[in-house]
Amino acid sequence: MHLEENPQGKTEESLDPQDWESMKNLGHRMVEDMVEYLRTVRERPVWIEPPPEVQRQFQAPLPTSPQPPQNVYDDFRTLVLPYPTGNIHPRFWGWVKGTGTPLGMLAEMLAAGVNPNAWGANHIATHVETQVLAWCKEMLGYPLDASGLLVSGCSMANLVCLAVARNAKAGYDIANDGVRPEAARLAFYGSVEMHNSIQKAVELMGLGRSALRKIAVDADYRIDLHALRTRIAQDRAEGFLPACVIGNAGTVNTGAIDDIASLAELCKKEELWFHVDGAFGAFAALAPESKHLVRGMELADSLATDMHKWMYMPYEVGVAFVRNAEAHHASFSVPGAYLTRAERGFSHSPMPFNEYGVQLSRGFRALKVWMSLKEHGVEKYGRMIQQNIDQAAYLASLIDATPELELLAPAPLNIVCFRYVRAGIPEETLNAVNQTILLHLQETGFAVPSSTILNGRFALRVANVNHRTRREDFALLVEEVVRTGNGLLALSS
Ligand SMILES: *Cc1c(COP(=O)(O)O)cnc(C)c1O
């Protein structure tokens, strides 16, 4: 504790250390430990479940008195660090989880040290974020005069973009009036493979879950354009107001990419807002051999993506872009006397980010993006993304070449869904066997894929946004799945 006597004889304290030297030493130790931890990540199990005695440590009473920072760090080392989520490991492929980088980690420390509130006042964080957004538009081929902001992730980006879509398409001042009972009800459209954050957004916007039409997909899990057109026409005939189509640039189940260019054309003809959820897939635009997959994305009225997934940045950082900056601003600029912008000085805001999204106080997410893009350069990111796509194709080819394995969906991007299979085994048994294989992989810490259900079949699901993965990791995975499956069937027969 840092005590000082003021002239009134009262002690005043701060939260700064009394001994700056020992804080500096502790910081050095942390950096040493963590860089080493990242360097050796491959040598440890992917995931370790926190044992009950460790879990119990997190029901400790509220600390009332101080203890040395070194002790607190020791607690971190014994209670937190040994039980990783696993997503930084080369054999973690569950859900769509990013890996982060060493410089990204250090950048987060710097951001917390400077600790700006990046709501958009006249300070350097505003410029860093503006720069990062401009780079991001350039990377994605999105119009440079579009508005945008960094957000917590693609869920928030979808909400921000779809709220603008709602306000722009309602035909009355829905932001002010709320949903008018007598007005035609708005309808939003996307495929059944849409991410559930879209559902949450539509619900939060007060439109009701049923306002989101889930359109069937084709055999490649892409939205069925004919079914979409039919539903829009039917809705119009029934007095609904079709407002917005959500296109998937990389679905979470299989990595399917809707026909983005055709959706853009359809929306233009039907005068609908076109939103693209490109949480991870949008960045396929960086890979010269794959960018054609997301062609048309640049035509969207709004675009949501994530940089903590396929841009390998530490959590959290997502991006929301809106083509019509005015419509974007109109949706989120709510006057507040305490927030008045000034001609000069601190409150002269070059870019008031708080007027473009939900958050007022905002962290310095932009710093890690700025530093990472400078560290590697965009071409390296393009190569990494292509590497992940090629690795997924390699895994798919191994599966094709292995009689005991079966692909359960096309793997057009970086997601591979497959299962262990044997002739003459009932579907129910296969589902159970594959479920057990998944648990075995996870609980032994060998690898962490996740799962999904495709046409009633339990699928092992590998999503590769991992810059540490090597092809040999997939060869090992295939071997382990076959070995485990064979063992299980030998046991049960
Ligand atoms: C991950 C994901 C989201 C949600 O993004 P968060 O960063 O987790 O909020 C939305 N859409 C798709 C397709 C995703 O993969």
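**A tour of the rings and the open sheet**

Six aromatic pairs are counted in this predicted model, a pair being rings of Phe, Tyr and Trp (its six-membered ring) with centres within 6.5 Å; planes under 30 degrees apart count as stacked, over 60 as edge-to-face and the rest as tilted. Residues are numbered from 1 along each chain as its sequence is written. Because the model is predicted, local features need pLDDT of at least 70 and side-chain atom pairs pLDDT 80 or more, while totals for chains, interfaces and linings use all residues, and side-chain values use heavy atoms, without hydrogens or water.

Select arginine 213 and phenylalanine 240: the charged end of the arginine sits over the ring, 4.6 Å from its centre. The term requires NZ of Lys or CZ of Arg within 6 Å of the ring centre and within 35 degrees of the ring normal. Next, select arginine 323, whose charged end sits over the ring of tyrosine 142, 5.7 Å from the centre.

Now display the open, mixed sheet of seven strands, ordered 4-10-9-8-7-5-6. Strands are DSSP runs (E, at least two residues), as are helices (H or I, at least four), numbered from the N terminus; two strands pair if DSSP finds at least two bridges between them. Strand 4 (147-151) and strand 6 (212-215) each have a single partner strand, so one side of each lacks a neighbour in the sheet.

Strand 4 runs antiparallel to strand 10 (residues 318-322), joined by five bridges. Select glycine 148 to find its bridge partner in strand 10, phenylalanine 321.

Finally, select helix 11 (residues 325-332), which lies across strand 4 and strand 10, with contact meaning heavy atoms within 4.5 Å.

Definitions and conventions: Axes are lines fitted to C-alpha atoms, for helices over the stretch in contact, and angles run from 0 to 180 degrees between N-to-C directions.
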